[in-house]
Amino acid sequence: MVSDIAKGFQGNFVATFLFVFTLAQSWFTTGIVFGWPCLLLLLKNEGVYLHKCPPGVTECSDRDVALNLVFTLGAVANVLGGVFAGPIGSPKIALGLGVLLSATGSLIFALSPTESQVAWPIGFVLHGIAGGLVHLPSFSLGNAFGSAKGMVIATLVACFCASALTFQIMHMLYEGGLSRQTVFLMHTVIELVNSCVSFWFWPSCPLKPGDKLRLSGCRMHLDRPNSEGAVAQTGAPKTAPIRVVVKAAMTKIFISFMFFHTSQLWFNRCLMGWFHDELITKDKLITEAGGSALNIDRHMAYFTSTQALLGLPVIPVFGWLVARYGHRTAPFVVTGFLSVIWLVCVLIPQEWPLYILYVTSSWHRQFFFSSFFNFMSSEFTPEVFAKLAGVANFIAGLASGTQNPLLNLTFNQFDGSFVPINTCMLTLATVLEIGACFAFCRDQKSRKAAATKLPDEASSKAIANNNCESENDTNVGAEDVDSQTESSAVKV
């Protein structure tokens, strides 16, 4: 396995350079909206939406709901960014435009007044759209690495998760004495440089298996072998007809996948958007029971760091799981199991389950996104993949947008208690896990039946080939006898 990965990178200097740059670009752009917990602390310290609270009060439900709406819109925009990436087609335009939108979002964050009702949602929405535009098109780069494609895609997914640390680093710089304006202007400059490099180096067409990148005139060009083995430069990217996408979207396997995908994404968005408020509620329950008060800022830092980093060690586990049990059901069984574990931890009114939640929720997110991209790229052609991923993200994005009105409902109807909604989520997660286990058992039976059928077919073919060969030998022998008889007759 290691030799195959090394072979994919060996002598592939142009693609390797673009891959390293894409990792840096992904770090600053793709998943920064998931660093919301640290950004939320920064915005609260800056006094954003403080005017929604009574004088002298810094924490109130109206302010929390308003800030959560910013996250909700940005998170929905993040998954909808993939919808726009499909019609654009060209990775050069999609990535360059995405990073440019990210720079604009940071510029808005740097210059907007804290009382603005419009600027903060717009800035975060631009960050969200930018993440989707940069993330999806970058996956085609794996096709330039041959046998190392899986490693490249897994690394891009991991970098997407680690991108949440961008806002945490901004918060650390802010705590270190830099102003909000300085911190976000620094990010703006970095993203402007990223955008220029993307427009300059990235090819216009998505890469396909067998494609090669070459450097000519300080620009990258894409060479694609044709059917005769010759190398030809690619033209405009091809897209699948709408009827083909609709037909694929109506299949039973895609509908089942969509239900699971939408639910898991909704769990993750609710955890990210509500976690600060859930910590405050849990802190009240612990102190009322006579326990020690929680350090909210420290736990928020733990949460953001683990979400970004602890998914990295499970990448080889995911690879082994897919290689051993296939991509259709096994990854979803593990994903569903992890969601059940961290939802149970949320409901326990003590501090120690939080540390289990940090680990299992980070693994859940890594498995969730890896399962999504692995399933979509394995089940559907590259032309259909982008559009179907956009459809899946659009539906899931609409569902995840419900977490803001649910937060408002929690404050107004349940006195800030998250127990009712978390109980409903846990029930749904349990049902999904049972369904995934049932699908896994059926899938494994089908795989075993197919595995036993192949040797039987191979032996049948071998017997048939042997019979054909013996018949051919008999015919050849008969022809030899006839020819010898004819030659003898001629001699007589």
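This is a predicted model: local features need pLDDT of at least 70, side-chain atom pairs count only at pLDDT 80 or more; totals for chains, interfaces and linings use all residues.
View 1. Helices (H or I, at least four residues) and strands (E, at least two) are DSSP runs, numbered from the N terminus. Of the 492 residues in the protein, 49% are buried, where buried means under 20% relative accessible area with a 1.4 Å probe and protein chains only. Now for contacts, meaning heavy atoms within 4.5 Å: among those with a separation of 6 or more, 79% come from residues 24 or more positions apart.

**View 2. Helix 14 against helix 15.** Helix 14 covers residues 330-347 and helix 15 covers residues 352-379; they pack at an angle of about 155°, with axes 8 Å apart. That makes helix 14 roughly antiparallel to helix 15, a label for angles over 145 degrees. Axes here are lines fitted to C-alpha atoms over the stretch in contact, and angles run from 0 to 180 degrees between N-to-C directions. Helix 14 passes helix 15 in a left-handed crossing (the near helix is turned anticlockwise from the far one by less than a right angle). On the helix 14 side, look for residues including Phe332, Leu338, Trp342 and Val346; helix 15 brings, among others, Ile356, Trp363, Phe367 and Phe375. The residues of this contact of helix 14 with helix 15 split into 15 nonpolar, six polar and no charged. In that count Ala, Val, Leu, Ile, Met, Phe, Trp, Tyr, Cys and Pro are nonpolar, Asp, Glu, Lys and Arg are charged, and the others, Gly among them, are polar.

**View 3. Helix 5 against helix 9.** Helix 5 (residues 91-111) and helix 9 (residues 180-201) pack at about 165°, again with axes 8 Å apart, and are therefore roughly antiparallel to each other. Their crossing is left-handed. By class, the contact of helix 5 with helix 9 has 15 nonpolar, nine polar and three charged residues.

**View 4. Glutamine 403 in helix 17.** This helix spans residues 403-413. Glutamine 403 is buried, with a relative accessible area of 1%. Its side chain makes a 2.9 Å polar contact with the side chain of tryptophan 274; a polar contact is a pair of N or O atoms within 3.5 Å, one able to donate a hydrogen and the other to accept it. Leaving aside neighbours within four places in sequence, glutamine 403 touches Asn68, Phe71, Thr72, Trp266, Arg269, Cys270, Gly273 and Trp274.

Local features need pLDDT of at least 70, side-chain atom pairs count only at pLDDT 80 or more, and totals for chains, interfaces and linings use all residues. Residues are numbered from 1 along each chain as its sequence is written, and side-chain values use heavy atoms, with hydrogens and water left out.

Notes:
Angles under 35 degrees count as roughly parallel, over 145 as roughly antiparallel, 65 to 115 as roughly perpendicular and the rest as oblique. Buried means under 20% relative accessible area, exposed over 50%, partly exposed in between (1.4 Å probe, protein chains only).
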